[in-house]
Amino acid sequence: MWEAAKVLTIIVFLGLCCIQDIREEKLSLKMLIASGILFFMLSFMFEDMTAKERICNILPGIVASLLAFMTKEQIGYGDAVCLIILGSVVSGEKLLGAVTGGMILFSIIGIIRMIRKKADRKTTMPFLPFLTAGMLWQIVITGAW
């Protein structure tokens with residue numbers, strides 16, 4: 001039962017983040033805080049993880065936060081916080097798979113847009129829709145939950 005609820009919660013969370021990221025090019029701090037509290041509470045209630053596993057699961061988000069700082073937000077802090085939130089309920093391995101899938105799709109779309117002269121190297125694109133696609137790939141195709 002928890003697994004199905006977890007997948008639905010993840011999909012709703014990412015869907016809301018995608019819509020906001022596309023429309024406003026930023027994420028609501030209130031929504032991220034509320035979602036973070038909810039996900040971490042659910043994690044402690046339903047996930048049987050050691051402290052070491054919890055830390056490893058949020059490492060992709062921590063690394064993304066450091067990259068956001070080092071690149072002067074070429075990678076957004078909102079994306080990094082979403083990865084930290086997801087890391088509370090998704091294993092680091094699955095999260096990295098979703099990020100990798102999202103980055104591959106992001107790259108393909110970016111190249112296509114550049115070839116079609118719809119973008120140049122300075123054009124920005126929101127990453128969360130691609131992360132969502134990567135997460136859906138993890139959920140549907142690999143069935144890895």
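Which helices do the buried residues of H3 pack against? In this predicted model, local features need pLDDT of at least 70 and side-chain atom pairs count only at pLDDT 80 or more, whereas totals for chains, interfaces and linings use all residues. Residues are numbered from 1 along each chain as its sequence is written, and side-chain values use heavy atoms, with hydrogens and water left out.

**View 1. Helix H3 and its surroundings.** The buried residues of H3 pack against helix H2 (29-46), H4 and H5, where contact means heavy atoms within 4.5 Å. Buried here (under 20% relative accessible area, 1.4 Å probe, protein chains only) are Arg-54, Asn-57, Ile-58, Pro-60, Gly-61, Ala-64 and Ala-68. A kink of about 45° lies at Leu-59, shortly before the proline Pro-60, the bend being the angle between axes fitted to the seven residues ending at a residue and the seven starting there. Lys-72, with a positive phi near 55°, follows H3.

**View 2. Helix H5 and what covers it.** Gly-92, Leu-95, Ala-98, Val-99, Gly-102 and Gly-110 are the buried residues of H5, and their cover includes helix H3 (51-70), helix H4 (77-87) and helix H6 (128-141). After H5 comes Lys-117, whose phi is positive, near 65°.

**View 3. The contact of H1 with H4.** The axes of helix H1 (residues 2-24) and H4 come within 12 Å and cross at roughly 175°, so the two helices are roughly antiparallel, a description applied to angles over 145 degrees. Ile-10, Phe-13, Leu-14, Cys-17 and Asp-21 in H1 meet Asp-79, Cys-82, Ile-85 and Leu-86 in H4.

Definitions and conventions. Buried means under 20% relative accessible area, exposed over 50%, partly exposed in between (1.4 Å probe, protein chains only). Helices (H or I, at least four residues) and strands (E, at least two) are DSSP runs, numbered from the N terminus. Axes are lines fitted to C-alpha atoms, for helices over the stretch in contact, and angles run from 0 to 180 degrees between N-to-C directions. Angles under 35 degrees count as roughly parallel, over 145 as roughly antiparallel, 65 to 115 as roughly perpendicular and the rest as oblique.
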